[in-house]
Amino acid sequence: MSLKTGDFIEVDYVATDKETNTIFDLTTEAEARKHNLYNEKAQYHPVKICLGEGHLIPGLDSFLLGKEPKKEYVIEILPEQGFGKKDPKLMKIVPAKIFKKENIRPFPGLHVNIDNFRGVIRTVSGGRIIVDFNHPLSGHTLQYKIKINKLINEPREKIETLLSFFTKDPKIELQEDKLQINSKIPKQMQEQLEEKIKTLIPEVKEVIFKAPDKK
């Protein structure tokens, strides 16, 4: 059975930055140990997504269309279909006094957080410090070794997969075609989410949102 837009799947993968030949993301403990990247504080588990919903980078999402569950694939993704090309507008000059105020000694390669935007210092010249606010992998070609573990068919698992991208640890009650979601989801998001659930999971005909009880 070939995969199509709207299918829910579970995948495992190893993602490599081809520019530096370094692994930047993986999902299994076995692969982490194999590449000497194991971290006992990390949580290793398969990733569940819905194709066409932007849960993966564009190049990987489109690549999986037409592929088959239970198979493994390797794909190389160009920057345009990965994390984008470098945007010169995101190279900003930041006054040295900003770093001095925070007691930070700026140097090239230092990762910084300025006004809740993460960046990397590229150059330091007197009072002029250039910070790159592009995604660290923008402009990089990527390689994914990905295995499609399974096609998700069970409605509850589909619902939990979709909700995981909107809210943390949602509690749901599913009775026949009626779904109740117990979670703090903003009102303005509820209508959009209800429509998405009914479209992607047609077994659900009615959606009720309920705020969790205060303790």
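Ground rules. I number residues from 1 along each chain as its sequence is written, and side-chain values use heavy atoms, without hydrogens and water. As the model is predicted, local features need pLDDT of at least 70 and side-chain atom pairs count only at pLDDT 80 or more, while totals for chains, interfaces and linings use all residues.

I looked up the strand order and found an open sheet of four strands, 5-8-7-6, with antiparallel pairing. Strands are DSSP runs of E, at least two residues, and helices are runs of H or I, at least four, each numbered from the N terminus; two strands pair if DSSP finds at least two bridges between them. Strand 5 (91–95) and strand 6 (111–114) are at the edges with a single partner strand each, so one side of each has no neighbour in the sheet. I then checked strands 6 and 7, which are antiparallel and joined by four bridges. I114 has F117 of strand 7 as its bridge partner.

V124. I placed V124 in strand 7 (residues 117–125). V124 is partly exposed at 36% relative accessible area (buried is under 20%, exposed over 50%, partly exposed in between, 1.4 Å probe, protein chains only). Beyond four places in sequence, V124 is in contact (heavy atoms within 4.5 Å) with P106, F107, P108 and I129.

S183. I found S183 in the loop between strand 11 (178–182) and helix 5 (187–200). S183 is buried, at 7% relative accessibility. Leaving out residues up to four places away in sequence, S183 touches T167, P170, K210, A211 and P212.
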